[in-house]
Amino acid sequence: MARQGPRELPTNFVAEAFRGLVYPLEGLRFIRRHNLWALAMIPTIVNIALFAILIVLTIYFAVPQLEALDAWMAPGEESGGFVTGVISALSWLIWIVAIILVVVVDAILLLLLGQAIASPFLDLLSEKVESLVLGGEPPKGSWTRNLRSILVGLTDVIWTVLFFLLVNLPLALVSLTAIGSIPAAIASFCFTALLLSQEFVGLSLTRQLVSYPARFKVIWRNKWLSLGFGSTSMLLLMVPILNLLLLPIAAVGGTLLYCDLKAAGRINVPLQSTPDAPQG
């Protein structure tokens, strides 16, 4: 049965975390049940194009560097079998670590750049979801509004990268200590999940001219729902091919979470009408 209107939110943090986990999956169901594939496919096409560009750039820049490192590490003719074996094993380890890092970095770039470039289409998708769940007609688009949406998306990329580095660089230093690696990894995962929630739950807030810090405060006040939503989004982001569909799925899931928060009176920021929105 298709979702009709906002849903009541749980009141304890465990139930909130589990409810948050299902919002991206609910977003996929919502797209299918309301036949929003036309709007959902445009961000997906943007992601596919960016993915192809990132792969080409990776092959062009990273692979030659790794091959040069292999050549530099190659053992001489006088080296024994043990040394040759150690160097060969080290070379394989470097390639494996490099591949993992490339996948993670490409996935993050795919998300940030894709969200910025596809922001007008994600806005349209989010507005449609909001109108279906909360009622009312979405405002008509315009070139000015679309340009503003892209500029805000690019600004958010800068905010996200700075925020990400500000928190994760100290955590990386903590992870180098004997007892800090596991707590730092958990903290980094949770913080990144909250950042992802800010990107997608914040779509509706961005349209209402809510600043980046104010949006993050909303996420923090609803941290358990946001942590669940961001965790599932992160897992989808790390799955090749499936991550190409993350933008529309997360945009719809995040908007559904926003609608439930708004209906529950848990969006505690001053909301403004955008210039293109109908005035009532």
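## Helix α9 and its end

In this predicted model, the 18 residues of helix α9 (residues 246-263) should span 26 Å at 1.5 Å a residue, and the distance of 25 Å between its end C-alpha atoms agrees with that; the expected span is 1.5 Å times one less than the number of residues. Helices here are DSSP runs of H or I with at least four residues, strands are runs of E with at least two, and both are numbered from the N terminus. Of the 18 residues in α9, 16 are buried, which leaves the helix mostly covered; buried stands for under 20% relative accessible area, exposed for over 50%, and partly exposed for the range in between, with a 1.4 Å probe and protein chains only. Just after α9, glycine 265 takes a positive phi of about 75°.

Aspartate 260 lies in helix α9 and counts as buried because its relative accessible area is 1%. Its side chain makes a polar contact of 2.5 Å with the side chain of tyrosine 23, and the side chain of aspartate 260 also reaches the backbone nitrogen of arginine 7 at 2.9 Å. A polar contact is a pair of N or O atoms within 3.5 Å; within protein, one must be able to donate a hydrogen and the other to accept it, and residues adjacent in sequence count only if both atoms are side-chain atoms.

Tyrosine 258 is joined to glutamine 208 by a side-chain polar contact of 3.0 Å. Glutamine 208 sits in the loop between α6 (181-207) and α7 (212-221), and it counts as buried because its relative accessibility is 14%.

## The chain and the basis of the values

The protein chain has nine helices and zero strands, and 42% of its 280 residues are buried. Among contacts between residues at least 6 apart in sequence, 80% join residues at least 24 apart, where contact means heavy atoms within 4.5 Å.

Residues are numbered from 1 along each chain as its sequence is written, and side-chain values use heavy atoms, with hydrogens and water left out. Because the model is predicted, local features need pLDDT of at least 70 and side-chain atom pairs count only at pLDDT 80 or more, whereas totals for chains, interfaces and linings use all residues.

## Helix α1 and its partners

Helix α1 (residues 13-33) packs with helix α8 (residues 223-237) at an angle of about 35°, with the axes 6 Å apart; axes are lines fitted to C-alpha atoms, for helices over the stretch in contact, and angles run from 0 to 180 degrees between N-to-C directions. The residues that meet include Phe13, Leu21 and Tyr23 in α1, and Trp224, Phe229 and Leu236 in α8.

Isoleucine 31 is placed in helix α1 and counts as buried because its relative accessibility is 1%. Neighbours within four places in sequence aside, isoleucine 31 is in contact with Leu36, Trp37, Ala40, Pro248, Ile249 and Val252. Isoleucine 31 and leucine 125 are 94 residues apart in sequence, and their C-alpha atoms are 9.4 Å apart in space.

## Helix α4

The 16 residues of helix α4 (residues 119-134) should span 22 Å at 1.5 Å a residue, and the end C-alpha atoms, 21 Å apart, agree with this. Buried residues in α4 include Leu122, Leu125, Val129 and Val133. Glycine 135 follows α4 and has a positive phi, near 90°.
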